[in-house]
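Good morning, and thank you for coming.

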Amino acid sequence: MAAQNTAARPTVIFDLGGVLVSVDFERACARLEAAGAAPAAVILETIASGEDKLAFDTGRLSPQEFAARFCAAIGVRLPYAEFANIWCDIFAEQHEVTNLLDEIAGKADLVLLSNTDPLHLAYVRSRYGFLAKFGQLVLSYEVGHAKPARQIYERAIGLCAAGSRMIYFDDIPGYVAAARACGLPAEQFVDAARLRRDLQRVGAA
């Protein structure tokens, strides 16, 4: 009788923004400026460097608290629902990647690893079906740490089956380097063709 193959399935870990969805914060900034806020360039800098956004991404501010603080910082008064709509209207599905998920899931376990907030995650989940294909989600606002912190990568590694081959895809080179430093094999996402080649190396495509 032939020996049963007990090798663990590979684990493929995906970033969300910049890989599975494109992100256009400039669109939100333009809408906020039109609503009476600071110039769009100032708003974008506030997003990029603001401590409030990091606190929101790591679960230390509620959506309502973040909205109030952020609107105050950029000099605009908006109803919470209107702000939430603008804040979330920044995504577009990257179909050349998400169309591969069913094929990958047939050969590997899927994990999502993302710096995100509850508003963005709920928005993506409500509009796109691909999140249902992921068996595990490692979300910064739930785990209390954001990339490039070591703890968030370690959480993702801990979800992988013992002995499984792992690969993580992120569009930001610094986050790729941080993952590798934690022992998580990682590649920068560039396009779907390169993604497929990288997946083939771990038997997931």
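Predicted model: local features only at pLDDT ≥ 70, side-chain atom pairs only at ≥ 80, totals over all residues.

Residues are numbered from 1 along each chain as its sequence is written, and side-chain values use heavy atoms, with hydrogens and water left out.

Let me start with the interior. A nonpolar core here is a set of buried Ala, Val, Leu, Ile, Met, Phe, Trp, Tyr and Cys residues joined through side-chain atoms within 4.5 Å. Buried means under 20% relative accessible area, exposed over 50%, and partly exposed in between, with a 1.4 Å probe and protein chains only. The largest nonpolar core has 56 residues, and the members that touch the most others are Val12, Phe14, Trp87, Ile104 and Phe130. Apart from it lies another core, of 17 residues, including Ile152 and Met166. To return to Val12, its contacts (heavy atoms within 4.5 Å) include Ile104, Val111, Phe169 and Leu199, leaving aside residues up to four places away in sequence.

I turn to the aromatic rings. Rings of Phe, Tyr and Trp (its six-membered ring) pair if their centres lie within 6.5 Å; planes under 30 degrees apart count as stacked, over 60 as edge-to-face and the rest as tilted. By this rule there are 13 aromatic pairs. In one of them, the ring centres of Phe14 and Phe134 are 6.2 Å apart and the planes are at 85°, so the pair is edge-to-face. Helices (H or I, at least four residues) and strands (E, at least two) are DSSP runs, numbered from the N terminus. Phe14 belongs to strand β1 (residues 11-14) and Phe134 to the loop between α8 (118-127) and β5 (136-139), so this pair ties together parts that are 120 residues apart in sequence. Phe14 counts as buried because its relative accessibility is 0%, and Phe134 is buried too, at 7%. Ring pairs also link Phe25, Phe56, Phe66, Phe70, Phe83 and Trp87 into a cluster.

Next, the spaces. On a 1 Å grid over the protein atoms alone, a cavity is a set of points where a 1.4 Å probe fits but cannot get out; a pocket is an open set with protein on both sides within 12 Å along at least five of seven lines; and lining residues have an atom within 4 Å of a point. Grid points are joined across faces, edges and corners, and a volume is the space filled by probe spheres set on the points.

What is the volume of the largest pocket? It is about 600 Å³. Of its 27 lining residues, Phe25, Lys53, Asp57, Asn115 and Tyr175 are the closest to its centre. Helix α3 contributes the most to this lining, with four residues.

The search finds one cavity of 30 Å³ or more. Its lining consists of Leu100, Glu103, Ile104, Arg196, Leu199 and Ala205. Two or more of these residues come from each of α7 (101-105) and α12 (192-201).

Finally, the loops. Gly163 sits between α10 (150-158) and β6 (166-170) and is exposed, with a relative accessible area of 76%. The C-alpha atoms of Gly163 and Pro10 are separated by 8.8 Å, although the two residues are 153 residues apart along the chain. The peptide bond from Lys147 to Pro148 is cis, with omega near 15°, and Pro148 lies in the loop between α9 (140-143) and α10.
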